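Student: I have a new structure to look at. Can you walk me through it?
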Amino acid sequence: MLHNQVIDTMMKRRSVRKYTDRQPEDEVIETIVRAGQQAPFAFQLCSVILTRNKKLPWGAPLMFTVCVDMHRFELIMAKRGWKTKNSDLAIILFGLQDATLMAENMVIAAESLGLGSCFIGAAAYMADQLQKKYKLPKRVYPFVHLVMGYPAEEFPPRPRYPLEYTLFEEQYPELTDEMIKKAMQVMDEGYLAQGYYRNLKAKIRLEGDRKETFTYDNYSWIEHISRKLGQWGADPKELLNPLAKCGFLISRKRRRSA
């Protein structure tokens, strides 16, 4: 694998959950957000709410709420006599791309300046609550929280799937049993070696008739994510309802233009 300063910064990134009391200066914050703006975009449908020093998760001094923001551009369109005809599904899909790419640029910029960060995905499920908290206008969807600050812990990056389980040339291959087992082994052994779930005391409780057979000696990433996807989130209304309250209607019925 090739190396340079940019790639090495990206490869050492990890989710930090313990921060020092050091406060990032305004110039650092502005640089990070400006770097975020320079990410590729479809329609630049993203804005950011900054929260500082208010008992943020893991003692982080900063939290950015990255939003899908159609409100700003509809104001611009109105100046030219246009109303939105695009479906809200298309707007959300492109808006999520814009917001995600911006957030990732912010993360890499922060890493290059000596800061760490961690994404918190719960924002999408509580978007209606955040709408009230941040006084967001309609057509602004708070997509993800990103906490950030100077790390108070050191640990190696978490493992990733083998490249053969991710990079497919020309067409999607038939994934063999050997490839599947290797991918599972890489992820599980990597997390177990770092004591990740044991240190966090994180084990998702089993629902229904399944009996617990895992301890922290073998409970790792594959089982953790399988329990999330195999037990939670069956009702799409958990996400559709907050979206609707933020002014995005994902249905066959076309939204009336604002």
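Tutor: Here are the overall make-up, the strands and the surface, in short steps. Keep in mind that this is a predicted model.

Student: How many helices and strands does the protein have?
Tutor: The protein has 9 helices and 4 strands.

Student: And what pattern do they follow along the sequence?
Tutor: Read along the sequence, they run α-α-β-β-α-α-β-α-β-α-α-α-α.

Student: OK, strands next. Which strands pair with β4?
Tutor: Strand β2, residues 62–69, pairs with β4 in the antiparallel sense, over 8 bridges. Strand β3, residues 116–120, also pairs with β4 in the antiparallel sense, over 5 bridges.

Student: Which residue in β4 is the bridge partner of Met63?
Tutor: Val147.

Student: And of Phe119?
Tutor: That partner is Leu146, again in β4.

Student: What about the whole protein, how much is buried?
Tutor: Buried residues are 38% of the 258 residues.

Student: Switching topic. What does the C-alpha trace span?
Tutor: About 60 × 45 × 40 Å along its principal axes.

Student: Last one: what share of contacts join residues at least 24 apart?
Tutor: Among contacts between residues at least 6 apart in sequence, 75% do.

Key: Residues are numbered from 1 along each chain as its sequence is written. This is a predicted model: local features need pLDDT of at least 70, side-chain atom pairs count only at pLDDT 80 or more; totals for chains, interfaces and linings use all residues. Side-chain values use heavy atoms; hydrogens and water are left out. Helices (H or I, at least four residues) and strands (E, at least two) are DSSP runs, numbered from the N terminus. Buried means under 20% relative accessible area, exposed over 50%, partly exposed in between (1.4 Å probe, protein chains only). Contact means heavy atoms within 4.5 Å. Two strands pair if DSSP finds at least two bridges between them.
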